[in-house]
Amino acid sequence: MSSNTTIITSLTVVSAQLNRYLSIVILLFGVIGNILNCLVLSERTLRSNPCVLLFLASSIASLITLISGIAVRLLSGWSMDLTDTVEWICKFRIFILFSSRTIASWLIVMATIDRWLSSSINVHLRHMSTIKNARRGIIIIICLSIIVYIQIFYCYQSNLIDSPLKCYGKTKWCRILNDFEFAFISVIIPSLLMFIFGLMTILRIRQTSLRRIQPIMITTFIQTKSKNQRSQTLRKTDHYLLAMLFMQVLLLTLFSLPQVIVTLYSNINLNINQIKSPLDITINQFIFNLFILLTYVTNGMPFYIYTLTGGTVFRKALLKTLTEFIRKFIFSST
């Protein structure tokens, strides 16, 4: 009993420290990354691209996710989380969090589909890659995400004791519904679609070779280059697309899937009438808390993925944005 008490105390302290300090790191890098994404993707030379518009909207949704998610986790490290005790704040915060996270994931899916459309040799499919359709897609995704998670206002409740978090689903069926919605709608299905359409895009670009019709994001090549030069540039572009695609899908799965597994495992155990010891409850809460924090990494990582693996297009736009910002700051201060 003495050793169990020590372990429980240690895990509780470590969990609180993670909420305090790991949350700060994720929030800082995530917010900065998404703000820079918004600035770069708002450039006049890029924002007329439907794919860029979808990335821009996804960055805004990710920013909302980080603020509504990580900021609250940060407060819980100092026992200042009002969502644990105030029911309407609990419901509203979870609704905004789940909706924005789902919107961010599906907008990336839409961007991947747009790349596939714009690389098609079919004229009809190519003409579907437009700003108008991108805006329609954004509106549809926002509306569907709101509808899917509207039940949160009924299911979620604060001041719960027998749950991983104090602000959680109040009944067994509510928890099962919410956890399965998150698992499939926000993680598994978007990851699969991103992988499928991204891979189809790369294969199509390879097949069309020099006769391909390039996606708008990569049509900056000079047509007067020789065939060898164009083939070499094409291979580099394929490499950038492949790296961006698989890195994004890999990290999304890596940081989101553990929470999916833990929540589904918790629901399975919920149906088994087994009395858990305080140590088991503390361990489950610690693991659940850690994996929740890791899921937010997926909302802060796109900027760093684009910068490191996106080739020169994104980095040049970033450098231009930062240069203009510094120039305006210097002129305004003088």
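## Crossing of α3 and α5

Helix α3 (87–118) passes α5 in a right-handed crossing, the term used where the near helix is turned clockwise from the far one by less than a right angle. The axes of α3 and α5 (residues 131–148) come within 9 Å and cross at roughly 145°, with axes fitted as lines to C-alpha atoms over the stretch in contact and angles running from 0 to 180 degrees between N-to-C directions. Helices here are DSSP runs of H or I with at least four residues, and strands are runs of E with at least two, numbered from the N terminus.

On the α3 side, F95, S99, T102, I103, W106, L107 and M110 meet G137, I138, I141, I142, S145 and I146 of α5, contact meaning heavy atoms within 4.5 Å. The residues of this contact divide into nine nonpolar, four polar and no charged; Ala, Val, Leu, Ile, Met, Phe, Trp, Tyr, Cys and Pro count as nonpolar, Asp, Glu, Lys and Arg as charged, and the others, Gly among them, as polar.

## Basis of the values

This is a predicted model, in which local features need pLDDT of at least 70 and side-chain atom pairs count only at pLDDT 80 or more, while totals for chains, interfaces and linings use all residues. Residues are numbered from 1 along each chain as its sequence is written, and side-chain values use heavy atoms, with hydrogens and water left out.

## Aromatic pairs

The count comes to nine aromatic pairs, taking rings of Phe, Tyr and Trp (its six-membered ring) whose centres lie within 6.5 Å, with planes under 30 degrees apart stacked, over 60 edge-to-face and the rest tilted. The rings of F98 and F182 have centres 6.1 Å apart and planes at 40°, so this pair is tilted. Because F98 lies in helix α3 and F182 in helix α7, the pair ties together parts that are 84 residues apart in sequence.

## Cavities and pocket

There are four cavities of 30 Å³ or more, a cavity being a set of points on a 1 Å grid over the protein atoms alone where a 1.4 Å probe fits but cannot get out, and a pocket an open set with protein on both sides within 12 Å along at least five of seven lines. The largest cavity holds about 200 Å³, volume being the space filled by probe spheres set on points joined across faces, edges and corners. Of its 18 lining residues, A104, S105, L252, T298 and N299 are the closest to its centre, where lining requires an atom within 4 Å of a point.

The largest pocket has a volume of about 850 Å³, and α9 gives the most to its lining, with seven residues.

## Backbone at N159

N159 lies in the loop between β1 (156–157) and β2 (168–169), and its phi is near 60°, a positive value in a residue other than glycine.
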